[in-house]
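The following exercises are to be worked through with the sequence and the structure in view. Each task is followed by a solution in steps.

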Amino acid sequence: MSRIYLDNAATTKVDEKVLEKMLPFFAENFGNPSSIYSYGREVKAMIEAARKSVANLLGANPGEIFFTSGGTESSNMIMRRCVNDLGVKHIITSPLEHHCVLHTAEDIEHLGRIKKHLVDVKPNGDVDLEHLEKMFQELKNEKVLVSLMHGNNEIGNLLDLKTVGELTKKYGAYFHSDTVQTVGHFKFNLHEMPMDFITGSAHKFHGPKGIGIVYVSDRVKMKPFVAGGGQERNMRAGTENVTGIIGFAKALEMAYENFEADKKYIADLKFYLKNKLQNEFEGVIFNGNSATENSMYTVLSVGFPKTQQTEMLLYTLDMEGICVSGGSACSSGAEAGSHVIQGIYKGMANQSTIRFSFSKYNTKDELDKVIDVLHQKIGTAVNA
Ligand SMILES: Cc1ncc(COP(=O)(O)O)c(C=O)c1O
């Protein structure tokens, strides 16, 4: 059975050209970048070229880009270093963040180092900026880190980085944004954007898994994230993931090469599916802003009314070779109930949630097949 992969917000397949670029670094160019002889020097030069390319594509200086193992590590590092090195005593975040931010904030709070504050979110999943400003006013004279994601991985909502960044600057706070879902899918010019820290992960844009970046603005001075070696200009010790770094840079380059055309193609797919679902199934709703133009063009979060047929929809679709998720990629495969969906409906969500997320490798034919399968499995109409 051929499979249809519509879970590109969980991960994407590595582009063949990315793989091609990585392969020589496994066996031919295998030197340790810290070695002083030619094998090492050659690899070191490639790492620095990769860093420069990534920095150029994101509008940053090479010195502001550090390679890490991915988005989770990057956010952990930033939040923990802000508390350790910059005197941060309060972290403002939202209930809809990825667990790499939420659980890190909780952990630091349990250690007794900070107080965590959750900003309100509106019924559509947008951050309530008036509440955010009120929180800043209440925390006047305190050192605050704001950590709010750019693109929500489950409902596709986009944060207005400029507005939030300017607000954080007005109150002298640091601003970290988990941009894992948007690096490679959104154009950044970090020199002109008011963020102190962002994160990125190659496997979200057709690069390899286990490699990411953290951007630390030149304005901020931090101590090493990982001690024990001089790699990453002393900031993250440990022999570099060379193949990953090469893959990250190539994948990012490709992501921005045909950016507008790819974006339009993917957005067309999303709205094609949205219209079909809306027109052919009763009672279907779309979560957050995902069905609007003001959202990530890669994500569509659909709520089917709960019936016997829709309750097991994830498994039913899986049996038919259709790979989607029930919210975020859940580690157990069980739909435990997404904190994001429950967060926007204040714990009252009563739906079978399916997150469809698209890439340039999907086709309308695949979406037609998904619609056919849905008709077969849940009928022509599901009643609200
Ligand atoms: C919004 C968001 N942040 C962070 C992560 C974690 O990234 P990584 O898999 O690189 O650790 C993900 C991946 O699922 C994500 O979607």
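**Exercise 1.** Determine whether Phe259 is buried or exposed, and state which residues it touches.

*Solution.* Step 1: Phe259 has a relative accessible area of 6%, and it therefore counts as buried (under 20% relative accessible area; exposed is over 50% and partly exposed lies in between, with a 1.4 Å probe and protein chains only). Step 2: Phe259 belongs to helix α9, residues 259-280; helices (H or I, at least four residues) and strands (E, at least two) are DSSP runs, numbered from the N terminus. Step 3: leaving aside residues up to four places away in sequence, Phe259 touches Gly184, His185, Phe186, Lys187 and Tyr297, where contact means heavy atoms within 4.5 Å. Step 4: between the C-alpha atoms of Phe259 and Ser147, 112 residues apart along the chain, there are 27 Å.

The model is predicted, with local features requiring pLDDT of at least 70 and side-chain atom pairs counting only at pLDDT 80 or more, while totals for chains, interfaces and linings use all residues. Residues are numbered from 1 along each chain as its sequence is written, and side-chain values use heavy atoms, with hydrogens and water left out.

**Exercise 2.** Compare the span of α3 with the expected span, and find which residues of α3 are buried.

*Solution.* Step 1: helix α3 (residues 38-58) has 21 residues and reaches 30 Å from its first C-alpha to its last. This is close to the 30 Å expected at 1.5 Å a residue; the expected span is 1.5 Å times one less than the number of residues. Step 2: the buried residues in α3 are Gly40, Val43, Ile47, Ala50, Arg51, Val54, Ala55 and Leu58. Step 3: these residues lie on the same side of α3 because they cover an arc of only 130° around the axis, the arc being that of the directions from the helix axis to the C-beta atoms. Step 4: Arg41 and Asn56, on the other side of α3, are exposed. Step 5: the packing partners of the buried residues of α3 are β2 (65-68), β8 (212-216) and α8 (242-257). Step 6: just after α3 comes Gly59, with a positive phi of about 70°.

**Exercise 3.** Describe how α3 and α8 pack.

*Solution.* Step 1: two packed helices are described by the angle between their axes and the distance between the axes. Step 2: for α3 and α8 the angle is about 30° and the axes are 9 Å apart. Axes are lines fitted to C-alpha atoms, for helices over the stretch in contact, and angles run from 0 to 180 degrees between N-to-C directions. Step 3: α3 and α8 are therefore roughly parallel to each other (under 35 degrees; over 145 is roughly antiparallel, 65 to 115 roughly perpendicular and the rest oblique). Step 4: α3 and α8 cross in a left-handed manner, that is, the near helix is turned anticlockwise from the far one by less than a right angle, whereas clockwise would be right-handed. Step 5: the residues of α3 in this contact include Met46, Ser53 and Leu57, and those of α8 include Ile245, Phe248 and Tyr256. Step 6: in α8 itself, 14 of its 16 residues are buried.

**Exercise 4.** Locate His191, Asn141 and His206, and state how accessible each one is.

*Solution.* Step 1: His191 lies in the loop between β6 (174-177) and β7 (197-201) and is partly exposed at 47% relative accessible area. Among the residues that His191 touches is Gly59. Step 2: Asn141, in the loop between α6 (129-138) and β5 (144-147), is exposed at 78%. Step 3: His206, in the loop between β7 and β8, is buried at 8%. Step 4: phi is positive in Asn141, near 75°, and in His206, about 70°.
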